Amino acid sequence: MGPVWRLIRGQKDVCHRCGREIVDFPAVGRVVDFQFRPVEKYCWDCYRYIQPFVDEIASEAQDPYQPVTKPAIP
Ligand SMILES: [Zn+2]
């Protein structure tokens, strides 16, 4: 199974690329035993930057690329 994006909510972490603190963030990883295992986590700026690259990898996979969108600020 190829890499997939998931939106992680309510978890404090650090952006894999720029080191910024993130709370609701996109993560790319793999689904193992029906559980998402994030490999890299990004802030939204880095997500925008890195997205085409990951899309390229994912296109070779059987699973279609699953984009995530930034949640609306209430
Ligand atoms: Zn970042």
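**Elements.** I was working from a predicted model. Going from the N terminus, I read the order of the elements as β-β-β-β-β-α.

**Burial and contacts.** I looked up how much of the chain is buried. Of its 74 residues, 18% count as buried. I then took the contacts with a separation of 6 or more and found that 54% of them are between residues 24 or more positions apart.

**Core.** Which residues make up the largest nonpolar core? I listed ten: Val-4, Trp-5, Ile-22, Phe-25, Ala-27, Val-28, Tyr-42, Cys-43, Cys-46 and Tyr-47. I checked which elements give two or more residues to this core, and they are S1, strand S4 (25-32) and helix H1 (44-58). S4 supplies the largest share, three residues.

**Leu-7.** I placed Leu-7 in strand S1, which covers residues 4-8. Why is Leu-7 partly exposed? I found 14 other C-beta atoms within 10 Å of Leu-7, so it counts as partly exposed; a buried residue needs 20 or more, and an exposed one has 12 or fewer. I also looked at the pair Leu-7 and Asp-24, which are 17 residues apart along the chain. Their C-alpha atoms are separated by 7.1 Å.

Conventions: Residues numbered from 1 in each chain as written. Predicted model: local features only at pLDDT ≥ 70, side-chain atom pairs only at ≥ 80, totals over all residues. Helix = DSSP H or I, 4+ residues; strand = E, 2+ residues; numbered from the N terminus. Contact = placed C-beta atoms within 7 Å. Core = buried A, V, L, I, M, F, W, Y, C linked by C-beta atoms within 7 Å.
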